[in-house]
Amino acid sequence: MIREWGIKAVRVARSARRGAVILSVVSASILISGCRTADQMLFARAEDSYRQGAFMRAESLFTIYLAHEPRDPDGWYNRALARTARQDLAGAMNDLDSTITRYDDDRDARWMRFRVREMQIEHARREEGTWTYERPFRRTWINALAVLQLEELTGLLERDPCDVRARCERGILWRLSGRHVEAYIDLTLALQCDAADVQSLTERGNLFHSLGKYEEAVKDYDDASSACDTCLWLLYNKALSFRAAGRLNETVSVLETLVAADSTDGEAWFMLGDCRLELGRRGAACTAWRRSALLGVADARGRLELHCGRP
């Protein structure tokens with residue numbers, strides 16, 4: 001949601017963006033005339049393979065390229081992309097470390113390293129229950145990766161204190177670890193840099209909701225909706241806060257707006273049925289649960305059997 005990965009621009013162009021003077025007048029004229037060196041052609045072939053989804057071939061070509069140009073951070077970065085696509089996350093991390101060793105200010109590589117660790121954590125959580133004797137090790141590893149993620153984001157913020165994405169991501173990590181004060185500080189600082197940032201508003205709303213501050217949560221969701229009128233998840237979040245606050249009429253109103261905009265949201269129909277029942281509107285509740293059941297929400301069938309006499 002925050003960042004999309006993609007193959008980087010041609011090596012020469014990206015190096016020029018960094019301000020490095022790498023081309024002589026002669027080599028520049030060669031490039032202008034349409035000729036490329038053998039290494040540049042190899043790099044381009046690797047890029048093309050990556051774009052075509054031939055990730056193993058791209059990795060092999062970048063490996064050959066790096067044998068000739070081991071100091072080029074873009075070669076390491078792009079091989080990390082290919083390895084990530086092949087789910088070789090350990091290899092990708094090694095390549096990203098090599099990228100940053102060669103170019104410390106490479107923000108793309110630092111962000112990608114953060115995302116790869118996120119993928120490693122996700123994989124570890126899925127496998128956590130596979131072998132009982134491995135659980136303590138896996139939990140320790142997950143915690144260590146989370147700490148490294150925080151360190152990565154802190155490093156990004158040291159370079160740019162107004163990096164809204166890094167502020168927001170760190171705020172999320174603080175919230176998930178139960179450090180709500182730090183989460184609030186980071187999310188609020190992100191919004192001071194960009195008051196209309198939808199993700200930061202959403203995440204601060206989620207923080208307020210988890211703390212039982214439902215009015216503040218709703219305000220943040222409303223502000224986010226003002227910046228993104230197509231972000232329908234904000235209506236669902238707002239409904240959750242209204243319901244938690246016991247404001248059922250407002251909950252029903254928001255959910256009815258949501259299902260009018262997206263009639264395929266089975267969870268919204270399900271919650272709408274529950275709220276209508278609590279307000280004594282059994283017939284309308286049954287209508288909502290039927291829509292929910294048709295959309296694949298299994299619990300809706302139980303509600304229909306219990307309250308409506310038939311599934």
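This is a predicted model: local features need pLDDT of at least 70, side-chain atom pairs count only at pLDDT 80 or more; totals for chains, interfaces and linings use all residues.
Thr 84 has a relative accessible area of 4%, and because buried means under 20%, Thr 84 counts as buried. Now find Phe 55 as well: 29 residues separate Phe 55 from Thr 84 along the sequence, and in space their C-alpha atoms are 9.1 Å apart.

With that starting point in hand, step back to the whole chain. You will find 17 helices and zero strands. The chain has 311 residues, and 46% of them count as buried. Look next at contacts between residues at least 6 apart in sequence: 50% of these join residues at least 24 apart.

Where do the nonpolar residues gather inside? The largest nonpolar core has 16 residues, and Leu 255, Leu 272 and Cys 275 are those with the most contacts inside it. Three helices each supply at least two residues of this core: α13 (233–244), α14 (248–261) and α15 (266–278). Of these, α14 gives the most, with six residues. Zoom in on Leu 255 and, leaving aside residues up to four places away in sequence, you will see it touching Ala 239, Ala 268, Met 271, Leu 272 and Cys 275. Apart from this core lies another one, of 15 residues, including Ala 92, Ile 100, Met 112 and Val 116.

Among the buried ones are Val 198, Leu 201, Leu 207 and Phe 208, along with Glu 203 and Arg 204. What do they pack against? The buried residues of α11 have α9 (164–176), α10, α12 (214–227) and α13 as their packing partners. After α11 comes Gly 212, whose phi is positive, near 80 degrees.

Tyr 184 belongs to helix α10, residues 180–193. Its relative accessibility is 37%, so Tyr 184 counts as partly exposed, whereas Thr 84, where we began, is buried.

Technical notes: Residues are numbered from 1 along each chain as its sequence is written. Side-chain values use heavy atoms; hydrogens and water are left out. A nonpolar core is a set of buried Ala, Val, Leu, Ile, Met, Phe, Trp, Tyr and Cys residues joined through side-chain atoms within 4.5 Å. Buried means under 20% relative accessible area, exposed over 50%, partly exposed in between (1.4 Å probe, protein chains only). Helices (H or I, at least four residues) and strands (E, at least two) are DSSP runs, numbered from the N terminus. Contact means heavy atoms within 4.5 Å.
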